[in-house]
Protein chains: 2
Amino acid sequence: MGHARNPTPRRPARAAPHPAAAAPLELGKLAGYLGYQIRQAQSAIFRDLARATRPLGVTPGEFSLLATLQHNPGLSSLRLAQAYRLDKTSLSLALKRLAGRGLIASNRNAGDRRYHALALTAAGRDVLRRATRRIEAQERAMDALLGPGERPLLLDRLGRIAAAFGR
Amino acid sequence: MGHARNPTPRRPARAAPHPAAAAPLELGKLAGYLGYQIRQAQSAIFRDLARATRPLGVTPGEFSLLATLQHNPGLSSLRLAQAYRLDKTSLSLALKRLAGRGLIASNRNAGDRRYHALALTAAGRDVLRRATRRIEAQERAMDALLGPGERPLLLDRLGRIAAAFGR
DNA sequence: TATTGTTATACTCTATAACTATA
DNA sequence: TATAGTTATAGAGTATAACAATA
């Protein structure tokens with residue numbers, strides 16, 4: 001910064017064998033694609049959030065499942081799988097892990113004994129509460145990057161995209 | 001809509017044993033989180049795009065790598081890994097697949113023989129060109145969901161988020 | 001010794017197929 | 001037969017550790 005300047009900015013002795021690691025890459029049209037930018041943002045958010053919730057023993061995806069169960073007690077695993085567009089087997093394994101850690105309970109429904117009603121346990125509610133604090137800290141950090149009123153706009157447009165390509 | 005209304009909206013014969021599969025779930029605070037909506041949008045876009053580019057034999061992630069190589073010929077695998085925040089081993093395997101399909105070439109650099117200069121092959125350029133058409137069709141579909149001038153705003157805000165949580 | 005890259009190995013997330021239990 | 005759920009297995013995608021080649 002305010003250092004002694006190089007009086008004769010001499011050329012590197014040999015042609016740069018490797019562009020400086022700091023030099024940003026040329027992205028071309030990629031930078032103008034919403035698909036690309038959404039993916040980069042998602043990946044950065046996920047990484048950051050995984051770090052924040054790791055001490056609690058839940059991943060961001062597991063947080064979503066717990067939160068959804070909180071608001072939809074008695075949900076069946078098939079309905080939950082449909083909502084997240086997962087195969088029922090994928091969700092079955094995820095639920096097994098959550099149940100193994102005592103965060104959710106699965107009880108056969110009295111009426112139709114084919115399906116199981118899912119619900120949070122007390123431990124699940126506790127983990128959810130603590131993870132929520134970390135999630136919301138991240139959301140506040142994002143607000144600092146947005147102009148006033150921009151959050152609802154972004155939420156709406158992202159929701160439209162998810163709905164349009166959802167099926 | 002303008003249909004004949006149900007004169008006597010009768011109750012279901014028995015208590016719904018299972019909420020209609022169509023009934024949307026209650027998301028609670030989840031719906032207001034940018035992290036959640038970005039993930040849902042990303043997942044829908046990725047799924048749609050994977051379907052569109054599957055006939056070409058490339059995934060959306062591979063498309064990004066090919067496009068980045070097109071604009072940065074001679075790039076080293078380490079620099080590419082840093083740009084995408086992947087471990088060099090993860091990228092090494094991805095590049096091996098692309099090279100195995102003849103889409104990229106890797107040549108030891110003459111000056112510093114430790115690193116390999118990556119470049120697209122003719123086949124790689126061809127696949128990239130054809131995948132680009134499909135990507136851009138998806139981008140146009142997204143524009144139909146946005147108001148005028150909203151794309152640059154979204155791109156900028158998503159870029160800020162990726163940069164802020166990037167490290 | 002430090003840097004670039006590869007191989008061996010493992011873990012997570014997802015899916016398809018085959019199965020069990022219930023209706 | 002149809003529906004809800006589980007288990008076995010396999011495929012991406014990613015990471016850590018150990019290694020080889022080059023500087």
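Axes here are lines fitted to C-alpha atoms, for helices over the stretch in contact, and angles run from 0 to 180 degrees between N-to-C directions. This is a predicted model: local features need pLDDT of at least 70, side-chain atom pairs count only at pLDDT 80 or more, and totals for chains, interfaces and linings use all residues. Side-chain values use heavy atoms, with hydrogens and water left out; residues are numbered from 1 along each chain as its sequence is written, and chains are lettered from A.

**View 1. Helix H1 of chain A against helix H1 of chain B.** Helices (H or I, at least four residues) are DSSP runs, numbered from the N terminus. H1(A) and H1(B) each span residues 34-53. Their axes lie 9 Å apart, at an angle of about 130°. The two helices are therefore oblique to each other (angles under 35 degrees count as roughly parallel, over 145 as roughly antiparallel, 65 to 115 as roughly perpendicular and the rest as oblique). The crossing is left-handed; that is, the near helix is turned anticlockwise from the far one by less than a right angle, whereas clockwise is right-handed. Contact means heavy atoms within 4.5 Å. From H1(A) come Gly35(A), Ile38(A), Arg39(A), Gln42(A), Ile45(A) and Phe46(A). They meet Gly35(B), Ile38(B), Arg39(B), Gln42(B), Ile45(B) and Phe46(B) of H1(B). The residues of this contact divide into six nonpolar, four polar and two charged (Ala, Val, Leu, Ile, Met, Phe, Trp, Tyr, Cys and Pro count as nonpolar, Asp, Glu, Lys and Arg as charged, and the others, Gly among them, as polar).

**View 2. The interface of chain A with chain B.** Chain A puts 70 residues into the contact, and chain B 70 residues. The buried area is about 6500 Å², with 67% from carbon and sulfur atoms (accessible area, 1.4 Å probe, that two parts lose on being put together, summed over both). Leu34(A), Arg79(A) and Phe165(A) supply 12% of the area that chain A buries against chain B, more than any other three residues. Four salt bridges link the chains (a side-chain nitrogen of Lys or Arg within 4 Å of a carboxyl oxygen of Asp or Glu). One salt bridge pairs Glu150(A) with Arg157(B), with the closest N and O atoms 2.6 Å apart.

**View 3. A salt bridge within chain B.** Over all chains, the structure holds 22 salt bridges. Among them, Glu139(B) pairs with Arg151(B), with 2.9 Å between the closest N and O atoms. Glu139(B) lies in H5(B) (residues 122-143) and Arg151(B) in H6(B) (residues 150-164), so the pair ties together parts 12 residues apart in sequence.

**View 4. Helix H2 across helix H4 in chain B.** The axes of H2(B) (residues 60-71) and H4(B) (residues 88-100) come within 11 Å and cross at roughly 85°. That makes the two helices roughly perpendicular. H2(B) contributes Glu62(B), Leu65(B) and Leu66(B); H4(B) contributes Leu91(B), Ala94(B), Arg97(B) and Leu98(B).
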